[in-house]
Amino acid sequence: MRDDLFGPISFANGGRWVPLASKEDDPDILTLHMVMDLVMCLRGTRPNRNLGMADEYIWAGEWELAVGEIDAVIGQEAGELTELEAEALRRVKVWVMND
């Protein structure tokens with residue numbers, strides 16, 4: 001496992017965020033935790049943020065489809081991701097696409 005995918009995320013202002021996903025997680029639940037970390041980051045400032053069909057894919061356990069849908073929806077939005085959102089997206093893409 002790549003340790004950089006599971007540690008706390010530190011920010012330039014000194015803040016830190018500890019993700020739900022941990023390298024000690026059961027492999028069956030780890031991907032779910034990583035996807036939920038991403039969704040929490042994305043909806044943390046905008047609770048009703050449109051994520052396309054991602055919610056349905058998550059419900060069905062289709063992690064790769066959920067991450068692909070989130071990435072596509074974000075790519076169509078104007079504006080940049082926050083530092084936390086970008087790092088959560090990077091981590092889940094590396095994990096899910098290599099899973």
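**Entry 1**

I began with arginine 46 and glutamate 77, whose side chains meet in a salt bridge at 3.5 Å, N to O. I am using the term for a side-chain nitrogen of Lys or Arg within 4 Å of a carboxyl oxygen of Asp or Glu. The pair links distant parts of the chain, 31 residues apart: arginine 46 sits in the loop between H1 and H2, and glutamate 77 in the loop between H3 and H4. My element names follow DSSP runs numbered from the N terminus, with helices (H or I) of at least four residues and strands (E) of at least two.

A note to myself on the source: this is a predicted model, where local features need pLDDT of at least 70 and side-chain atom pairs count only at pLDDT 80 or more, while totals for chains, interfaces and linings use all residues. Residues are numbered from 1 along each chain as its sequence is written, and side-chain values use heavy atoms, with hydrogens and water left out.

Next I looked up exposure, with buried meaning under 20% relative accessible area, exposed over 50%, and partly exposed in between (1.4 Å probe, protein chains only). Arginine 46 has a relative accessible area of 44%, so I list arginine 46 as partly exposed. Glutamate 77 counts as partly exposed too, at 25%.

How many salt bridges does the count come to? I get seven by this rule.

One of them joins arginine 49 to glutamate 85, with the closest N and O atoms 3.1 Å apart. This pair also links distant parts of the chain, from arginine 49 in the loop between H1 and H2 to glutamate 85 in helix H4, 36 residues apart. Both arginine 49 and glutamate 85 are buried. I then found that Arg46, Arg49, Glu77 and Glu85 are linked in a network of salt bridges.

Aspartate 71 and lysine 93 form another salt bridge, at 3.2 Å between the closest N and O atoms. Aspartate 71 is partly exposed at 28%, and lysine 93 is partly exposed at 31%.

**Entry 1**

The expected span is 1.5 Å times one less than the number of residues. H4 has 16 residues and reaches 23 Å from first to last C-alpha, close to the expected 22 Å.

The buried residues of H1 include His33, Asp37 and Cys41. Their cover includes strand E2 (16–17), helix H2 (54–60), helix H3 (63–76) and helix H4 (83–98). In H4, the buried residues include Glu87, Arg91 and Trp95, and the buried set packs against strand E1 (9–10), E2, H1 and H3.

**Entry 2: the nonpolar core**

I define a nonpolar core as a set of buried Ala, Val, Leu, Ile, Met, Phe, Trp, Tyr and Cys residues joined through side-chain atoms within 4.5 Å. Which residues have the most contacts inside the largest one? They are Phe6, Met34, Leu38, Ile70, Val92 and Trp95, in a core of 26 residues. H1, H2, H3 and H4 each supply at least two residues of this core.

Leaving aside residues up to four places away in sequence, leucine 38 touches Ile70, Glu85, Ala88, Leu89 and Val92.

How values were computed. Contact means heavy atoms within 4.5 Å.
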